[in-house]
Amino acid sequence: MAAAPLTATERASRVKLMIFDVDGVLTDGGLMFTAQGDAMKSFNSMDGHGLKLLGEAGIQTAIITGRRSEIVARRAEELRISHLYQGASDKITAFVDLMRQTNLTAEQCGYMGDDWPDLGVMTRCGFAAAPANAHPDVIARAHWVSEARGGQGAAREVCDALLRAQNRYDALLATACGVGRA
């Protein structure tokens, strides 16, 4: 008899590196440009705090995005994101390089994406997540789907899910509440 497939929580409990796409995941997917042609992006602060919490819990973070933007580089630095791949026309190649750099297996990696360019990594990693408004083909292949839309709390939801699956959420929450401090 074959073993039962792993649940999303079981998959999340194994994640040592969580990777995020940007447009449609860390942002709402809208592309805004100034009259001079400079791109602007809007990031959700709660999503950002979720990524910081992953780092505090010892879970590495990464971004693999097809676009190239100084805004994304600054946001990644601000959030202490360990690995940044921009202009990744082939996200699978970036993913393989990331596994080599971190000495992790695909099963130890999670990825949150929203559209077809993300599917190559999503179908290879151990934990695939998608925002509520992801493309239907992405949702169909995800192990876990947020209630929130991309750029509106979806990344925070997946961060919280990972922390809960790894029994780290309650301790981080207690610290935030000042438990144990005078």
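A residue is called buried when its relative accessible area is under 20%, exposed when it is over 50%, and partly exposed in between (1.4 Å probe, protein chains only). This is a predicted model, in which local features need pLDDT of at least 70 and side-chain atom pairs count only at pLDDT 80 or more, while totals for chains, interfaces and linings use all residues. Residues are numbered from 1 along each chain as its sequence is written, and side-chain values use heavy atoms, with hydrogens and water left out.

A nonpolar core is a set of buried Ala, Val, Leu, Ile, Met, Phe, Trp, Tyr and Cys residues joined through side-chain atoms within 4.5 Å. The largest such core here has 31 residues, and Met 18, Phe 20, Met 112 and Phe 127 have the most contacts inside it. At least two residues of this core come from each of strand 1 (17-20), helix 2 (45-56), helix 3 (70-78), strand 7 (127-130) and helix 7 (154-165); helices (H or I, at least four residues) and strands (E, at least two) are DSSP runs, numbered from the N terminus. Helix 7 gives the largest share, eight residues. Another core, of 23 residues, lies apart from this one and includes Leu 17, Tyr 85, Met 122 and Val 138.

Side chains of opposite charge can pair when their charged atoms come close. A salt bridge is a side-chain nitrogen of Lys or Arg within 4 Å of a carboxyl oxygen of Asp or Glu, and the structure holds seven of them. One joins Arg 67 to Asp 23, with the closest N and O atoms 3.2 Å apart. Arg 67 lies in the loop between strand 4 (60-64) and helix 3, and Asp 23 in the loop between strand 1 and strand 2 (32-33), so the pair ties together parts 44 residues apart in sequence. Arg 67 is partly exposed at 41% relative accessible area, whereas Asp 23 is buried at 15%.

A salt bridge also links Glu 78 and Arg 75 (2.3 Å, N to O). These two are three residues apart in helix 3, and therefore separated by about one helical turn. Glu 78 is partly exposed at 46%, and Arg 75 is buried at 16%.

Asp 118 and Lys 91 form a further salt bridge (2.7 Å, N to O). Both residues are buried. Salt bridges that share partners join Asp 21, Lys 91 and Asp 118 into one network.
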